Amino acid sequence: MNGLSGDVQTLLKVMACFGSSTNESVIGYLNEAAEYAGVRNGLEGALSDGFIVKDEEGCLQFVHDKVREAAYNLIPDSDKKQFHYHLGKVLYSFCDGKDVGDTIFLIASQINHGKEWILRDKDLSICIAELNMKAGKKALDGCDHKTAYSYLGAALSLLPKDHWRSQYELSLRLSFLMSSAANSCCQYDEAEQILRRGLANARSLYDQLPSYLLLSQSECPIISKMHCFLSFLISCLT
């Protein structure tokens, strides 16, 4: 593969980062960026050379796992993490604010490779936390609880230590979603801990209500439920 044109190599490396398949629309997004301006030509070359096949719905797929493995090896091991991260950032810049459907999972998974760089930028950390929360919510809505748990956990890990003070609304929503995902993944102790933390930091009874409702439907021990509902009744009376 080292003898292939630069555009074809770039396309193959990008595809390898995405996994065994991706949609042609993603290549279209990348083609708008200067550093990936040749991927459309690269795609045509990869198709004609027989490395990639395309179905009627525009799904691109490597012809064999070994081809994908060879394409991924075109990226030096020391550069792989940075390559994924940069790929995710470029896609994020073009797709931010748009409804990109399932492509949001692809963007989040790529950009999450750069956590060490993301955490150096406070504003970027919040933006990528929100991106992961959207991906987690979409997975949760689709009943893919393990995927939701992963993305929501990534979102939580990007928040600052004082997030309940500095990012209250984001923290409130993320806390509820994460506890929902944890409960659906049978992580009952973790779900209860997150719920309790959310209840303790909620600023009003109105903000606490979704968590109390989730607790009533969860698999948390009955004693924990009774304790929380007692706290709820006290809140109603004070």
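Strand 1 and helix 6 each supply at least two residues of the lining of the second largest pocket; helices (H or I, at least four residues) and strands (E, at least two) are DSSP runs, numbered from the N terminus. Keep in mind that this is a predicted model, where local features need pLDDT of at least 70, side-chain atom pairs count only at pLDDT 80 or more, and totals for chains, interfaces and linings use all residues. Residues are numbered from 1 along each chain as its sequence is written, and side-chain values use heavy atoms, with hydrogens and water left out.

Let's stay with that pocket. On a 1 Å grid over the protein atoms alone, a pocket is an open set of points where a 1.4 Å probe fits, with protein on both sides within 12 Å along at least five of seven lines, and lining residues have an atom within 4 Å of a point. The volume here is about 170 Å³, counted as the space filled by probe spheres set on the points, which are joined across faces, edges and corners. Strand 1 gives the largest share of the lining, three residues. Among the lining residues are Phe 18, Asn 23, Cys 59 and Leu 106.

Strand 1 and strand 3 (residues 59-62) pair in the antiparallel sense over three bridges, where pairing takes at least two bridges found by DSSP. The whole sheet is open, with three strands in the order 1-3-2 and antiparallel pairing. Strand 1 (21-23) and strand 2 (52-54) are at the edges with a single partner strand each, so one side of each has no neighbour in the sheet.

Now for the largest pocket, which holds about 250 Å³ of space. Its lining has 15 residues, with Cys 95, Gly 97, Lys 98, Ile 104 and Lys 134 nearest the centre. Helix 8 brings the largest share, five residues. By class, the lining has seven nonpolar, two polar and six charged residues (Ala, Val, Leu, Ile, Met, Phe, Trp, Tyr, Cys and Pro count as nonpolar, Asp, Glu, Lys and Arg as charged, and the others, Gly among them, as polar).

Last stop: helix 2 (residues 24-31) packs on helix 3 (residues 39-48) at an angle of about 140°, with the axes 8 Å apart. Axes are lines fitted to C-alpha atoms over the stretch in contact, and angles run from 0 to 180 degrees between N-to-C directions. That makes helix 2 oblique to helix 3, since angles under 35 degrees count as roughly parallel, over 145 as roughly antiparallel, 65 to 115 as roughly perpendicular and the rest as oblique.
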